[in-house]
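Here are some notes to read beside the model. Please keep the sequence and the structure open while going through the points.

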Amino acid sequence: MSNMDKLYHEIIKQHHKQPYHFSKVEDAMMSIRANNPICGDRFDIFIEVENKVFKTLHFHGFGCAISKASSSIMLQLLEGKPFSEAEGICKNFLAYIHNTLNEPVYHTDFKAFSALHEQTARLDCAALSWLEILRFLEEKMK
Amino acid sequence: MPFDPTTIKKQFPIFERFPDLVYLDNAATTQKPRSVIKAISDFYTYENANIHRGVYNLSAQVTQKYEAVRQQLSEFFEGDSPNCFSFCSGATEGINWVVKGYLENILQEGDNVVISAMEHHANLIPWQQLCIKNRAKLQVIPLNEKGEIDLQQFSTLLTQRTKIVALTHVSNTLGTINPIAEIVELAHQKAIPVLIDGAQSVGHFPINLYDLAIDFLVFSGHKIFGPTGIGVLYCKEKYHDQIKATKFGGGSIKEVSFNETSWKNYPHSMEAGTPHIAGVIGLGKALGFINEFDLTEAFSHEQKLAILLKENLKSIGGIELLGNPTHFSGIASFIVENIHPHDVASFLAEQEIAVRAGHHCTQPLLASMGVPATVRVSFSVYNIEEDVVKLVEVLKELKKFWL
């Protein structure tokens with residue numbers, strides 16, 4: 001497998017081509033912006049919450065294949081999850097991509113990002129939306 | 001010596017370490033020739049001392065060497081006296097010096113500053129922030145479809161209340177070369193000073209400061225084969241008394257008491273603290289390196305590579321070039337249909353091709369063109385046709401990969 005095939009794992013390519021819930025929600029209950037000022041990537045994440053549980057999540061904006069796929073996977077995994085569990089999932093993903101995870105990986109899809117253990121230049125792309133939603137969770141759970 | 005990129009390339013040790021490296025990110029920073037690296041290493045190894053301080057030989061010699069670079073700059077630009085050149089950390093700091101040391105003292109509520117829509121953030125934010133603070137207006141010259149400044153629109157923006165025009169010589173994103181002579185003439189007709197951001201022009205083609213009559217010019221050493229952390233502010237003699245120090249400390253003063261301080265004249269007034277001596281020495285060597293070849297020929301080589309690139313990109317299909325300026329440098333930006341610039345750059349990086357992907361610190365420009373980011377290719381003297389050929393081949397592979 002070439003480095004490019006590793007970096008752009010089939011799962012990443014799929015999510016990039018058909019991202020989950022990739023649409024604007026004008027009247028969303030809440031929205032946050034994941035923005036990388038270095039590269040210009042910018043996603044808005046639209047959040048519906050009920051009793052501290054992510055009811056539905058949508059996202060929209062502009063980003064590379066890595067940032068788009070990782071956002072798409074994040075949405076799929078966090079929907080329906082209570083805040084406290086979601087926080088753990090976010091931390092698990094971020095630790096996994098930074099190769100500092102010392103617990104089992106939460107979901108096999110995370111392994112699609114294993115190339116980032118070597119190709120660290122794209123870590124920010126993968127972490128973009130996850131860091132933003134983690135900030136949101138930490139704020140809400142204060 | 002006739003211009004030969006292959007011979008020139010041999011002077012850059014990075015290409016010995018990475019023989020297959022195709023370095024096309026020269027607008028971000030250039031590679032360094034052996035002579036510059038050696039000059040910096042020699043300084044620290046054999047010549048190190050502080051300047052303007054000691055009476056011992058080492059200090060006197062390094063002071064002489066440091067000051068000699070001002071002389072070199074004066075010759076390089078066929079310009080004013082060596083004392084018109086002050087050393088700053090780079091183009092960004094140079095602009096900030098003019099904003100805070102000159103304009104801030106005279107900019108009144110209701111005045112305006114004129115910049116263009118293609119400015120790098122460094123030649124936008126400092127003026128914008130001062131305008132906000134002093135309640136002045138930031139006027140932006142719009143661009144035409146080709147990515148060029150509209151001179152007619154420009155002249156209508158100049159008023160009695162315009163206190164400065166700040167403009168890039170060459171767009172770091174589109175490669176457009178701006179008509180500086182005409183712009184300076186129009187501004188001077190209304191007695192408005194002009195600052196030129198030379199970050200992408202200096203060292204690429206000859207600039208005659210007498211002919212162009214520029215009032216302020218800034219550039220960075222690391223973009224012209226010199227070290228990082230060193231840059232130059234050229235300030236016309238007329239403004240020497242009007243530009244004030246923006247950082248205070250040793251080395252820039254005439255006399256100090258507990259109640260007051262008097263400053264040395266420009267340029268020394270600006271250079272408080274121990275300056276980047278090794279940087280200045282490296283910059284001097286970089287100027288010497290550029291003087292070894294015919295700069296006009298070198299620039300025509302960069303332009304030829306840009307033409308070759310643009311023609312080839314058009315032939316691939318599904319690639320859109322940003323802007324189409326009549327006068328252009330060796331810089332071109334493009335987007336590949338349905339593939340994000342970062343994904344393009346990663347794919348190219350895998351084949352040892354270094355390009356820039358992102359907004360190139362010109363977010364408002366890209367926003368006005370409706371794109372969040374681009375891939376940018378920028379040439380220098382050591383790039384060869386084979387670099388373009390390899391880039392184009394890999395772009396074709398990229399399109400297959402993402403099919």
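1. A definition comes before the helix packing: axes are lines fitted to C-alpha atoms, for helices over the stretch in contact, and the angles between N-to-C directions run from 0 to 180 degrees. The model discussed here is predicted. With that in mind, helix α3 (residues 65-78) of chain A lies across β2 and β3 of chain A, and its direction is at about 165° to β3(A). Helix α5 (residues 123-140) of chain A also packs on the sheet, where it touches β1, β2 and β3 of chain A. The direction of α5 makes about 145° with that of β1(A).

2. The sheet itself is open and has 3 strands, in the order β1-β2-β3 of chain A, with antiparallel pairing. Its edge strands, β1 (30-36) and β3 (53-62) of chain A, each pair on one side only. From one strand to the next, the twist averages 20°.

3. Strand β2 (residues 41-50) of chain A is joined to β3(A) by 9 bridges, and the two run antiparallel. As an example to find by eye, A:Asp44 has A:His60, in β3(A), as its bridge partner.

4. Where do the two chains touch? The contact takes 13 residues from chain A and 13 residues from chain B. On the chain B side, α12 (341-350) and β14 (356-358) each supply at least two residues. The most comes from α12(B), with 5 residues. By class, this side of chain B has 5 nonpolar, 6 polar and 2 charged residues.

5. The largest nonpolar core has 115 residues, and those touching the most other members are B:Val98, B:Val165, B:Val194, B:Phe216, B:Val232, B:Tyr234 and B:Val344. Helix α10 (residues 277-291) of chain B gives the most to this core, with 9 residues. A second, separate core has 39 residues, including A:Leu57, A:Ala65, A:Cys90 and A:Tyr96.

6. For B:Val232, leaving aside neighbours within four places in sequence, the contacts include B:Leu73, B:Phe85, B:Phe87 and B:Val218.

7. Is B:Lys310 buried or partly exposed? A residue needs 20 or more other C-beta atoms within 10 Å to be buried, and 12 or fewer make it exposed. B:Lys310 has 19 C-beta neighbours inside 10 Å, so it counts as partly exposed. This residue is found in helix α11 (residues 295-316) of chain B. Beyond its neighbours within four places in sequence, B:Lys310 is in contact with B:Leu321 and B:Ala332. B:Glu337 is 27 residues from B:Lys310 in sequence and 16 Å away in space, C-alpha to C-alpha.

Note on methods: Residues are numbered from 1 along each chain as its sequence is written. Chains are lettered from A and ligands numbered from 1 in the order in which they are written. This is a predicted model: local features need pLDDT of at least 70, side-chain atom pairs count only at pLDDT 80 or more; totals for chains, interfaces and linings use all residues. Two residues are in contact if their C-beta atoms, placed from the backbone, lie within 7 Å. Helices (H or I, at least four residues) and strands (E, at least two) are DSSP runs, numbered from the N terminus. Ala, Val, Leu, Ile, Met, Phe, Trp, Tyr, Cys and Pro count as nonpolar, Asp, Glu, Lys and Arg as charged, and the others, Gly among them, as polar. Two strands pair if DSSP finds at least two bridges between them. A nonpolar core is a set of buried Ala, Val, Leu, Ile, Met, Phe, Trp, Tyr and Cys residues joined through C-beta atoms within 7 Å.
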